[in-house]
Amino acid sequence: MLQPDTNWYWFYDSHYGCLSLSMGEMQFTTPYAYKMLNRPPVRAAEFDLQDLEHYSLISRELELTGISLSGAQKTQLALNACAALRFHKPLMPKSWFFKRHRHNGHYHHLAYLSTETDDVRVWVIEEKSSSCLCMLLDDDIQLQEGKTLQQFGLIRVTPDCILPCMETTPHLKTA
């Protein structure tokens, strides 16, 4: 995964119509359009200590899950999560799209949501007692006719919609 740098900054990219992160010679473009943003940056907004804290926490959690993603994909997940936590508008729960379960939960932020036809992997970005903000990790999923949740899209659901996802057993490091 990429290591954050002091010259990283967030900005709204009017050419692509979404929130982006300048990373020196590279640019990361999020899937979050202007209408999805609560506080779009009017001018460059530094990748601050809170962003760094979120990024580091997500990086550690990704290592604990044993999820089979490349370093670039893990970086993309972590940066999209940072963008969502800092800039995305609050969402109301939309649990009716998913099956509810008696036994629920997640494993190091990695979880499944189940529709009538599919099980999809999500990353639990934010957890409250009444709802969880989830980011879709898998390819786009159709929620209903004309309603699709795209990869890295966000949805808030009640905790009883979430099932643990344990892809592999993480390897414990020994000293």
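This is a predicted model: local features need pLDDT of at least 70, side-chain atom pairs count only at pLDDT 80 or more; totals for chains, interfaces and linings use all residues.
A polar contact is a pair of N or O atoms within 3.5 Å.

Let's take helix α1, residues 49–65. The helix has 17 residues. From first C-alpha to last, α1 reaches 24 Å, close to the 24 Å expected at 1.5 Å a residue.

Now its ends. What caps the N-terminal end of α1? D48 does. A side-chain oxygen of D48 lies 3.2 Å from the backbone nitrogen of Q50. At the other end, just after α1, comes G66. G66 takes a positive phi of about 75°.

Which residues of α1 are buried? They are D51, Y55, I58, S59, E61, L62 and T65. What covers them includes strands β1, β4, β5 and β6. Helix α2, residues 71–87, is also among the covering elements.

So, over to α2. L77 lies in this helix. Is L77 buried or exposed? Buried counts as under 20% relative accessible area. L77 has 1%, so it is buried. Which residues does L77 touch, leaving aside neighbours within four places in sequence? I58, L62, L69, W123, M135, L137 and F152. Notice I58 and L62: both are among the buried residues of α1.

L19 is 58 residues away from L77 along the chain. Their C-alpha atoms are separated by 15 Å.

Last, the record. An unreviewed UniProt entry annotates residues 1–89 as "domain: Cell-division protein ZapC N-terminal". In the model, that span is 38% helix and 24% strand. Its end C-alpha atoms lie 27 Å apart.

How values were computed: Residues are numbered from 1 along each chain as its sequence is written. Side-chain values use heavy atoms; hydrogens and water are left out. Helices (H or I, at least four residues) and strands (E, at least two) are DSSP runs, numbered from the N terminus. The expected span of a helix is 1.5 Å times one less than its number of residues. Buried means under 20% relative accessible area, exposed over 50%, partly exposed in between (1.4 Å probe, protein chains only). Contact means heavy atoms within 4.5 Å. A polar contact is a pair of N or O atoms within 3.5 Å; within protein, one must be able to donate a hydrogen and the other to accept it, and residues adjacent in sequence count only if both atoms are side-chain atoms. UniProt positions are given in the numbering used here, feature names are shortened, and annotations may be inferred rather than shown by experiment.
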